[in-house]
Amino acid sequence: MADIINPENEEDLQAQIEEVEALSSIYGDEWCVIDEASRIFCIKISSDAEEQKLTACLQIILPPDYPSAAPPIYQINAAWLRGSERAKLANSLEDIYVEHAGESILYLWVERIRDFLVERSHSFGPVIQEEKVNVTAEEDVEDDEDVPDLRVLGENAGKTHFFLDQANDEEIPPIKHGSLITDRRSTFQPHLAPVVTPGQVKMVLEKLYENKKIASATHNIYAYRIYCEDKHSFLQDCEDDGETAAGGRLLHLLQILDVRDVVVVVSRWYGGILLGPDRFKHINNCARNILMDEGYVASADEACKSGAKTKRPKSKKTK
């Protein structure tokens, strides 16, 4: 069922309708409507290069107060796009939003991503294909677990901003690093930080990528949940970083454990042997372990004694 549109959002809704119609006309079959009522769309973008054709899928959720007051919620799915390259592209999209605040910007975003793909294909040549093979080697391995739908990212899309935070005095939260899990030469390591704004999430990711070992990981999967007390809702998102469905599974774990105000990153260094569904088990076990170590989740023994499934960190006051 579609959300009830407040009168003050009618102009935004009309602007969205006109923008979507224009994009559908411009891009044809490349533009896809996932859930019109929830304002969820996607578009396949390619570099149009003959020899090194790169593609990316831009998934978009339009909040009720876009474009007047909020940016689109987005996720870029591209197995080859990782680390500093992904951060560079995200920053350029943020710059476009800031420069054109209050305006419809999806066309500018799509064309900026296309320009980025063209630049990348011209700069790196054959290396792209080698990276793509490594990153997507396990994408065809299937398992029977339920994969959370993309739309869980937008359950509160109309109430919160996704990535922009204008505070300039934020400090980088303390980052904790968890124990390694190794299986058939693949290594997994979790990282965790307390966060209360999307800006802090971005700072944590940038800080982690300053570490050469972490930056060289085959995948850096992350998910975060932030509780917006004034709106009584959660701001949350996740990223696969080439490990298809891993980000959604990690976010689903955070939801099940009911943890909040935290970002969890799991680095995986691929060892050359396919792990199949076991890789998801290791990613979630890494995340669960560091959440327990840092006091966000009760251990099994503590849960049995108290009857509680989760708890907040000792440093935070809860009602």
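**Reading the model**

Modeller: Helices here are DSSP runs of H or I with at least four residues, strands are runs of E with at least two, and both are numbered from the N terminus. Before going on, note that this is a predicted model: local features need pLDDT of at least 70, side-chain atom pairs count only at pLDDT 80 or more, and totals for chains, interfaces and linings use all residues. Residues are numbered from 1 along each chain as its sequence is written, and side-chain values use heavy atoms, with hydrogens and water left out.

Biologist: Is Leu253 buried or exposed?

Modeller: The general idea is a cut-off on relative accessible area: buried is under 20%, exposed is over 50%, and partly exposed is in between (1.4 Å probe, protein chains only). Leu253 counts as buried because its relative accessibility is 6%. Of the 319 residues of the protein chain, 49% count as buried.

Biologist: And which residues is Leu253 in contact with, leaving aside its neighbours within four places in sequence?

Modeller: A contact means heavy atoms within 4.5 Å. With those neighbours left aside, Leu253 is in contact with Asn284, Ala287 and Arg288. Its C-alpha atom is also separated by 9.4 Å from that of Ala223, 30 residues apart along the chain. For the protein chain, take the contacts between residues at least 6 apart in sequence: 66% of these join residues at least 24 apart.

Biologist: How should I read a nonpolar core?

Modeller: It is a set of buried Ala, Val, Leu, Ile, Met, Phe, Trp, Tyr and Cys residues joined through side-chain atoms within 4.5 Å. In this structure the largest has 29 residues, and those with the most contacts inside it are Trp31, Leu58, Ile76, Leu106, Trp109 and Ile113. At least two residues of this core come from each of α1 (10-27), β2 (40-46), β3 (55-61), β4 (73-77), α2 (83-99) and α3. Helix α3 gives the largest share, six residues. A second, separate core of 25 residues includes Leu257, Phe280, Ala287 and Ile290.

Biologist: Which nonpolar residues form a patch on the surface?

Modeller: Patches are made of residues with over 30% relative accessible area and no salt bridge; like charges are joined within 9 Å, and nonpolar side chains (Val, Leu, Ile, Met, Phe, Trp, Tyr) within 5 Å. Here Ile26, Tyr107 and Leu108 form a nonpolar patch, with about 270 Å² of accessible area together. Such areas come from the Shrake-Rupley method with a 1.4 Å probe, and for residues only the protein chains shown count as cover. Tyr107 lies in helix α3 (residues 106-124) and is partly exposed, at 41% relative accessible area.

Biologist: What about salt bridges?

Modeller: Side chains of opposite charge can pair when their charged atoms come close. The rule is a side-chain nitrogen of Lys or Arg within 4 Å of a carboxyl oxygen of Asp or Glu. By this rule the count is eleven. Arg184 pairs with Asp183, the closest N and O atoms being 2.9 Å apart, and with Asp278 at 2.8 Å, N to O. The Asp278 pair links distant parts of the chain, 94 residues apart: Asp278 is in helix α8 (residues 278-293) and Arg184 in the loop between β6 (181-183) and β7 (186-194).

Biologist: Where do Arg225 and Asp258 lie?

Modeller: Their side chains meet in a salt bridge at 3.8 Å, N to O. Arg225 lies in strand β8 (residues 219-228) and Asp258 in the loop between α7 and β10 (262-269), so the pair ties together parts 33 residues apart in sequence. Arg225 is buried, with a relative accessible area of 5%, whereas Asp258 is partly exposed at 31%. Salt bridges that share partners also join Asp183, Arg184, Asp278 and Lys281 into one network.

Biologist: Finally, how many disulfides does the structure hold?

Modeller: A disulfide is a pair of cysteine sulfur atoms within 2.5 Å, and the structure holds zero. Cys32 is in no disulfide, and its nearest cysteine sulfur, that of Cys42, is 4.0 Å away. That distance is too far for a bond.
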